[in-house]
Amino acid sequence: MNTTSTTLAPLFTFLEYSLTTAQTTFDKLPGSAVVLRYVKSSHQNDPGRTLLELILFLFAIRTLLQSRTRADRNGKHFIQFSDKEIDELVDEWTPEPLETPLTPDEASDLAAVPVIVGPNGPKPKLASTGKTATNLASFNFAGLAGNEHIKQRAIETLRKYGLGSCGPPGFYGTLDVHMDLEHDIADFLGTEAAILYSQGFSTISSVIPAFCKRGDIIVADRAVNFAIQKGIQISRSTVRWYNHNDLNSLEEVLNNIDKERKKRRGPLTRRFIITEGIFQKDGAMVDLPKLIELKYKYKYRLILDESYSFGVVGRTGRGLTELYNVPASKVDMLLGSCAIGLASCGGFCAGSQIVVDHQRINGPSFVFSASMPALLAVGASEGINIMRNTPSIFEALQENVRAARAILDRIDCITIPSHPASPVIHIYVRPQPAAGGLLSASVSTSSHVSASVHHVTFPSAKEAMKQAEYEAEERLLQEVVEDCLAQGVIVTRAKRLKGQEISEARPSIRLALTAALTKKETEKAVGVLKSALVKVLSKRR
């Protein structure tokens, strides 16, 4: 034993000297202390990770040292073609189409889109007939489109500033009128600050990923609009869905998340509730006071998209916060559309100063998109002034809503899911008893799909029947739209991105009422729609 130890002693001495020399040399390298501290921390927390990183490091060295390709450099295994053969193969090759051709129904829908001559408004002129028509399709709730005062201010701004901003807000695209509009929005809503986005669709789809990251939890309504869906998808957060506009379902989901976290003893993460004020898909309205109560009870942040309620409901058009008398400061991120509510373009996010400042650095659309033209910013500011000083606009709007619902609610062959105070009114075809409610069942089922599913397939005979019924309803509703147009009333089917949304909404006719029409004009136009509905839907019998 002593003989063996004596024999190995020089080897041990050499190894000790080598390790000491290597450590001394490593310590002299710049940044070696940081690397050593990282390795020690990594090994302490997860030894398996250290081993994996060592293997990857050795693999990288091996890859760099070996030949970059092992292909046969002589080319003896390659097929050699003559120039003539290459030309023949090229001539025979037929590229796949970029997209499948339009179906007859899709081509018909595209051809049926009415073209407006001149400015849009409550009574635009149609290119097909040269006659004016009553417009119940455009989002002109407060009647600001075509307002002469706004038009004059826009012309003055155009002469002073020119047309485009020629740059994103952070790169010399911010003008004083943009800052004025942000101040006007924040002051109008009662928040600390607001930030402008130049595209309405990009507003919510930029705000969500600016705050929600991988590992965070998002609890969202199943029927949120497509822009919210894209924002959630981009964020890569963990998503939990609750039943459409069902706050009991929301509380159940929040409670289950809390139980799961306590069971796993997991760390607290950032958590968000995302929903709409008035839903784009069906005109339903969320119960904001109850939503605020749940937000505080379970300690979540609330992102509320008021694209279809700002400039629409409330005594002066401030949206759900004014309608329900809830301070806007209780909503962490309050989003709205300048394009819809103010007849301008783009959107905004209002909230605390910290929330707004964070987006100026991390909001994708704010950072990379050119800011809105100055004339549209001034037009939006003037729209806020009009709404602030003329609350009678929204009294007239609600009067038109009540007049329209009084007519539509008496029609037996339709159902209306929209809130009674919503000027966005969706009209569904009432399912026939013989059909067994297949379409309703299919829509209900599709609304519970996973967040990772972005298309709907119809593999079975039963599903094919649902799809056939869906298409039949679309054709019936399109007949109603065309019949109304022939009588001088513009209405539209709600347009969807088939196969791209996480849930398929039912086919519907969507009305957008406006304060720019009188009560009699609204009743007359809705009466035309009623006659068309009764006429077309009676064919099913």
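A residue counts as buried under 20% relative accessible area, exposed over 50% and partly exposed in between, with a 1.4 Å probe and protein chains only. The model here is predicted, so local features need pLDDT of at least 70, side-chain atom pairs count only at pLDDT 80 or more, and totals for chains, interfaces and linings use all residues. Numbering runs from 1 along each chain as its sequence is written, and side-chain values use heavy atoms, leaving out hydrogens and water.

Most residues other than glycine have a negative phi. At 27% relative accessibility, Asn245 is partly exposed, and it sits in the loop between strand S6 (238–242) and helix H11 (247–264). (Helices are DSSP runs of H or I, at least four residues, and strands are runs of E, at least two, numbered from the N terminus.) Cys166 also has a positive phi, about 65 degrees; this one lies in the loop between helix H6 (148–161) and helix H7 (169–173) and is exposed, at 77% relative accessible area.

Then there is the pocket. Domain 1 (104–145 + 392–430 + 466–539) and domain 2 (163–389) both give residues to the lining of the largest pocket, so it lies between them; the domain bounds come from an automatic or database assignment. Helix H20 gives the most to this lining, with seven residues.
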